[in-house]
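This briefing covers salt bridges, strand pairing and nonpolar cores, in that order. Please consult the sequence and the structure alongside the text.

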Amino acid sequence: MEYKLTFNHYQQGLEQGKFLGLKCNACDSVIFPPAAVCRECGSTDLTPTELSGKGAIRTFTVIRVAPEGRKPPYIVAMAELDEGPWALGNLVDMAPEQADMGLLGKRVTLGSHVVKGDTYATDDTHVLTFTLKAP
């Protein structure tokens, strides 16, 4: 199976401030982060595409008991991107104790930061972040 967008290319995009996903040529849905098949129709006819890096928070949680190597508390959010897919990332510009239901629907801009390797992942990786967008 040929991967149209590899994990390394996705990571390189994040490092450069680009949000690379895939557009399904069969149903026009956008897949982000990339996957081998379309999540909507199962097609493998996919084309790499760059996303706008904007979206809205749909849900979130405050992590108070973190996995090994992470320092709580921090906010994990899920945002619906303007192109349609939902993405998971850390909300980085808000103190966790200030998080409340008013976050739902707030506009965000995507970014990324490096997470150091740990017991389970030896390599450093870029992970998605969200910052609140001024109204």
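R58 counts as partly exposed because its relative accessibility is 37%; buried means under 20% relative accessible area, exposed over 50%, and partly exposed in between, with a 1.4 Å probe and protein chains only. The model is predicted: local features need pLDDT of at least 70, side-chain atom pairs count only at pLDDT 80 or more, and totals for chains, interfaces and linings use all residues. Residues are numbered from 1 along each chain as its sequence is written, and side-chain values use heavy atoms, with hydrogens and water left out.

**Salt bridges**

- The structure holds 2 salt bridges, a salt bridge being a side-chain nitrogen of Lys or Arg within 4 Å of a carboxyl oxygen of Asp or Glu.
- The side chain of R58 meets that of E80 in a salt bridge, at 2.9 Å from N to O.
- This pair links distant parts of the chain, with R58 in strand β4 and E80 in strand β5, 22 residues apart; strands (E, at least two residues) and helices (H or I, at least four) are DSSP runs, numbered from the N terminus.
- E80 has a relative accessibility of 27% and therefore counts as partly exposed.
- R107 forms a salt bridge with D82, and the closest N and O atoms are 2.9 Å apart.
- Here too, distant parts of the chain are linked: R107 belongs to strand β7, D82 to the loop between β5 and β6, and they are 25 residues apart.
- R107 is partly exposed, at a relative accessible area of 34%, and D82 is partly exposed, at 43%.
- Side chains of opposite charge can pair when their charged atoms come close.

**The open sheet**

- An open sheet is formed by 3 strands in the order β2-β1-β3, with antiparallel pairing; two strands pair if DSSP finds at least two bridges between them.
- Because β2 and β3 stand at the edges, each with a single partner strand, one side of each has no neighbour in the sheet.
- Strand β1 (residues 19-24) is mostly covered, as 5 of its 6 residues are buried.
- Between β1 and strand β3 (residues 46-51) there are 6 bridges in the antiparallel sense, and F19 has L51 in β3 as its bridge partner.
- β1 is joined to strand β2 (residues 30-31) by 2 bridges, and these strands run antiparallel; K23 stands opposite V30 in β2.
- The hairpin of β1 and β2 has 5 residues between the strands, and D28 takes a positive phi near 70 degrees there.
- S43 lies in the loop between β2 and β3 and counts as buried because its relative accessibility is 16%.
- Leaving aside residues up to four places away in sequence, S43 touches C24, A26, V37 and C38, where contact means heavy atoms within 4.5 Å.

**Nonpolar cores**

- The largest nonpolar core has 22 residues, of which F32 and L128 touch the most other members; such a core is a set of buried Ala, Val, Leu, Ile, Met, Phe, Trp, Tyr and Cys residues joined through side-chain atoms within 4.5 Å.
- At least two residues of this core come from each of α1 (7-15), β4 (54-63), β5 (74-81), β6 (86-91), β7 (107-115) and β8 (125-132).
- β5 gives the most to this core, with 4 residues.
- Not counting residues up to four places away in sequence, the contacts of L128 include Y10, L14, F19, F32 and L110.
- A second, separate core of 7 residues includes L20, I31, C38 and L46.
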